[in-house]
Amino acid sequence: MPALPWIDGEPASADEQYLAMASRLPLRSHLAIPGFLRDTLRIRRQLARAPGMIGYGLKADLVAKTFWTYSVWRDEDSMAAFARSEPHATIMKRLRPRMGESRFSTTTVAGDAIPRTWAEMSEPVR
């Protein structure tokens, strides 16, 4: 499955700092992939209307049962509000038993340096 292209949210200002979050999400079984993909569609719809969302990307390696996400947020509060809201909160609780050891990384990024290619995005969670 090819990586989904970078999706822009709210406009970023070149001279502002934003919160970037990268994740590596391995599944325990190939049987979990269809449900994960279905849930991904629901979360993408949520992201499209999430306050403070600057942009995001998703990449999948179905053979390895591993997914990567990269998102940029106005600030930590907007990212935390998204994570606590539905459907993300319920989906994450349901997926935990189906997940392997996930990795998450956050950093700050300037608006004029927001990565939009997977070579740039996946570095923090390889």
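Predicted model: local features only at pLDDT ≥ 70, side-chain atom pairs only at ≥ 80, totals over all residues.
Me: Which pattern of strands and helices does the chain follow along the sequence?
Reply: The chain has four helices and five strands.

Me: What radius of gyration does the chain have, and what would a compact globule have?
Reply: The C-alpha trace spans about 45 × 30 × 20 Å along its principal axes. For 126 residues, a compact globule would have a radius of gyration near 14 Å. The chain agrees with that, as its own value is 14 Å.

Me: Among contacts between residues at least 6 apart in sequence, what percentage join residues at least 24 apart?
Reply: A contact here means heavy atoms within 4.5 Å. Of the contacts between residues at least 6 apart in sequence, the share that joins residues at least 24 apart is 78%.

Me: Which residues have the most contacts inside the largest nonpolar core?
Reply: In soluble globular proteins, nonpolar side chains tend to be buried together. In this chain, the largest nonpolar core has 21 residues. Strands E2, E3 and E4 and helices H1, H2 and H3 each supply at least two residues of this core. Those with the most contacts inside it are Leu27, Phe36, Leu47, Phe67 and Trp73.

Me: What does leucine 27 touch, not counting residues up to four places away in sequence?
Reply: Leucine 27 is among the residues with the most contacts inside the largest core. With residues up to four places away left out, leucine 27 touches Ala32, Ile33, Phe36, Lys65, Phe67, Arg98, Met99 and Gly100.

Me: Is serine 23 buried or exposed?
Reply: Serine 23 is found in strand E2. Buried means under 20% relative accessible area. Serine 23 has 1% relative accessibility, so it counts as buried.

Me: With which residue does the side chain of serine 23 make a polar contact?
Reply: The contact runs from side chain to side chain, at 2.3 Å. The partner of serine 23 is threonine 69.

Me: Why do the buried residues of H3 line one face of the helix?
Reply: The buried residues in H3 are His88, Ala89, Ile91 and Leu95. What covers them includes H1 and H2. Seen down the axis of H3, the buried residues line one face because they fall within an arc of 165 degrees.

Note on methods
Residues numbered from 1 in each chain as written. Heavy atoms only, no water. Core = buried A, V, L, I, M, F, W, Y, C linked by side-chain atoms within 4.5 Å. Buried < 20%, exposed > 50% of the residue type's maximum accessible area, 1.4 Å probe, protein only. Polar contact = N/O pair within 3.5 Å; in protein donor to acceptor, adjacent residues only side chain to side chain. Arc of directions from axis to C-beta. Rg over C-alpha atoms; globule rule 2.2 N^0.38 Å.
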